[in-house]
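This report covers aromatic contacts, charges over rings, and pockets. The model is a predicted one.

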Amino acid sequence: MKFVTNCYLIDKEKNKILLGRKKYGLAKGILNGFGGKVEKTDKTIKDAATREFLEETGLTVINPILSGIIYFRYADVTNDVRCYIYIGDRWRGKVSESSEMEVDWFDLKNVPLGEMWPDDKLWFPLLLEKKNILVNSYRTKPGDFPYKTTIELRKTFEEAAEENAGDGNGAAEN
């Protein structure tokens with residue numbers, strides 16, 4: 001299993017969220033948070049999230065909170081990915097576009113879910129409601145749209161981090 005991160009930044013004063021649009025590759029043109037692979041040099045998964053966020057936005061996100069875990073499950077399990085979702089609301093620096101992502105602020109009440117991955121519309125609103133989520137997204141191969149998505153709400157993330165997501169008898173299903 002591969003380990004990756006995805007981090008979102010919320011500006012509470014302006015009621016906005018920072019999103020990026022991928023410039024190339026598998027997710028070209030899709031809106032998303034900021035993240036990537038956990039590197040061997042990262043001491044923790046949170047360190048990987050803050051490093052990737054800085055690389056892609058020019059901002060240092062301060063103490064982001066683990067708010068979700070998404071398991072991307074494929075027919076060939078060697079491609080499976082565990083994605084740790086973080087949300088922050090404090091930062092240092094000035095936003096700058098990277099070679100990988102276009103960067104823009106969006107109104108929290110009007111997030112363009114139709115420009116995100118298809119199953120994001122199921123779990124992303126829960127994240128914005130400050131719910132801890134455990135998602136299983138089943139796909140035939142990387143880049144495919146999901147054929148099934150399950151979502152479980154968690155009280156804390158200790159329980160989500162400790163267990164394997166299994167089949168997931170989720171609160172929402174696609």
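## The largest pocket

A pocket here is an open set of grid points with protein on both sides within 12 Å along at least five of seven lines, and its lining residues have an atom within 4 Å of a point. The largest pocket is lined by 34 residues. Nearest its centre lie Val4, Leu26, Ala27, Asn32 and Gly36. The space in this pocket is about 960 Å³.

Which elements give two or more residues to the lining of the largest pocket? They are strands S1 (2-11), S5 (65-74) and S6 (81-88), with helices H1 (45-57) and H2 (120-128). S1 gives the most, with six residues. By class, the lining of the largest pocket has 17 nonpolar, nine charged and eight polar residues.

## The second largest pocket

The second largest pocket holds about 390 Å³ of space. Its lining has 18 residues. Ile10, Lys12, Ile87, Asp89 and Lys130 lie nearest the centre.

S5, S6 and H2 each supply at least two residues of this lining. S5 gives the most, with three. Nine of the lining residues are nonpolar, five are charged and four are polar.

## Aromatic pairs

The structure holds five aromatic pairs. One of them joins Trp91 and Trp105, at 5.6 Å centre to centre and 45° between the planes. That pair is tilted. Trp91 lies in strand S7 (residues 91-93) and Trp105 in strand S8 (residues 101-107), so the pair ties together parts that are 14 residues apart in sequence. Trp91 is partly exposed, at 27% relative accessibility. Trp105 is also partly exposed, at 25%.

Tyr138 and Tyr147 form a tilted pair because their planes are at 40°, with ring centres 6.4 Å apart. Buried or exposed: how does Tyr138 count? At 12% relative accessibility, Tyr138 counts as buried. Tyr147, at 54%, counts as exposed. The cut-offs are under 20% for buried and over 50% for exposed.

Elsewhere, Tyr8, Trp123 and Phe124 form one aromatic cluster.

## Charges over rings

Tyr138 has a second contact to consider. Lys148 lies over the face of the Tyr138 ring, 5.5 Å from the ring centre. Tyr138 is thus paired with Tyr147 and has Lys148 over its face.

Which ring does the charged end of Arg139 sit over? The ring is that of Trp117, and the distance to its centre is 5.4 Å.

Terms used. Residues numbered from 1 in each chain as written. Predicted model: local features only at pLDDT ≥ 70, side-chain atom pairs only at ≥ 80, totals over all residues. Heavy atoms only, no water. Phe/Tyr/Trp six-rings, centres within 6.5 Å; stacked < 30°, edge-to-face > 60°. Helix = DSSP H or I, 4+ residues; strand = E, 2+ residues; numbered from the N terminus. Buried < 20%, exposed > 50% of the residue type's maximum accessible area, 1.4 Å probe, protein only. Lys NZ or Arg CZ within 6 Å of the ring centre and 35° of its normal. 1 Å grid on protein atoms, 1.4 Å probe; cavity = no way out; pocket = protein on both sides within 12 Å on 5 of 7 lines; lining within 4 Å. Points joined across faces, edges and corners; volume = space filled by probe spheres on them. Nonpolar A, V, L, I, M, F, W, Y, C, P; charged D, E, K, R; others polar.
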